[in-house]
Amino acid sequence: MPAVEYRDVAFSYRPRRPFIAGLCATVEAGAVTSIVGPNGCGKSTLVKLASGLLRPASGSVAVKGRDVGA
């Protein structure tokens, strides 16, 4: 079971201005994983989606098999 799974996630901070679209990614349990990129590319947004602080406009985010948006 993956530790974190993003399934077809879309997210936007502003209406009609997509920030993330169609994201599918899996982080395996026990894996050493890095999220790297320049300022403003969405690193913190991915963590906030996984923690439930933000909710995707569509798609789902699961942590240890449990949907964080439910």
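**Briefing: nonpolar core and fold of a predicted model**

The largest nonpolar core consists of eleven residues: Ala-3, Val-4, Tyr-6, Val-9, Phe-11, Ile-20, Leu-46, Leu-49, Ala-50, Leu-54 and Val-61. Strand β1 (2-11) and helix α1 (43-51) each contribute at least two residues to this core. With five residues, β1 provides the largest share. The model is a predicted one.

**Overall fold**

- One helix and four strands make up the secondary structure of the chain.
- In sequence order, these elements follow the pattern β-β-α-β-β.
- The radius of gyration is 12 Å, close to the 11 Å that the globule rule gives for 70 residues, so the chain is as compact as a globular protein of that length.
- The C-alpha trace spans about 35 × 30 × 20 Å along its principal axes.
- Of the contacts with a separation of 6 or more, 51% are between residues 24 or more positions apart.

**Burial, surface and charge**

- Buried residues account for 23% of the 70 residues in the chain.
- The chain exposes about 4900 Å², and carbon and sulfur atoms supply 55% of this area.

**Contacts of Val-9 and Ser-60**

- Val-9 is one of the residues of the largest nonpolar core.
- Leaving aside residues up to four places away in sequence, Val-9 touches Ile-20, Ala-21, Gly-22, Leu-23, Leu-49, Pro-56, Ser-58, Gly-59, Ser-60 and Val-61.
- Among these contacts, Ile-20, Leu-49 and Val-61 are also members of the core.
- Ser-60 is located in strand β3 (residues 58-63).
- Ser-60 counts as buried because its relative accessibility is 13%, under the 20% cut-off.
- Beyond residues up to four places away in sequence, the contacts of Ser-60 are Glu-5, Tyr-6, Arg-7, Val-9 and Asp-67.
- Two of these partners, Tyr-6 and Val-9, belong to the largest nonpolar core.

**Residues with positive phi**

- Most residues other than glycine have a negative phi.
- Arg-16 has a phi near 60°, a positive value in a residue other than glycine.
- The position of Arg-16 is in the loop between β1 and β2 (20-28).
- Arg-16 is classed as exposed because its relative accessible area is 81%, over the 50% cut-off.
- Lys-64 likewise has a positive phi, near 55°, and is a residue other than glycine.
- The loop between β3 and β4 (66-67) contains Lys-64.
- With a relative accessibility of 66%, Lys-64 is also counted as exposed.

**The loop between β2 and α1**

- Thr-33 is found in the loop between β2 and α1.
- Thr-33 is partly exposed, since its relative accessible area of 46% falls between the limits of 20% and 50%.
- Thr-33 and Gly-22 are separated by eleven residues in sequence and by 20 Å in space, from C-alpha to C-alpha.
- Gly-22 is also one of the residues that Val-9 touches.

Key. Residues are numbered from 1 along each chain as its sequence is written. This is a predicted model: local features need pLDDT of at least 70, side-chain atom pairs count only at pLDDT 80 or more; totals for chains, interfaces and linings use all residues. Side-chain values use heavy atoms; hydrogens and water are left out. A nonpolar core is a set of buried Ala, Val, Leu, Ile, Met, Phe, Trp, Tyr and Cys residues joined through side-chain atoms within 4.5 Å. Buried means under 20% relative accessible area, exposed over 50%, partly exposed in between (1.4 Å probe, protein chains only). Contact means heavy atoms within 4.5 Å. The radius of gyration is taken over C-alpha atoms; the globule rule is 2.2 Å times the number of residues to the power 0.38. Accessible areas come from the Shrake-Rupley method with a 1.4 Å probe; for residues, only the protein chains shown count as cover.
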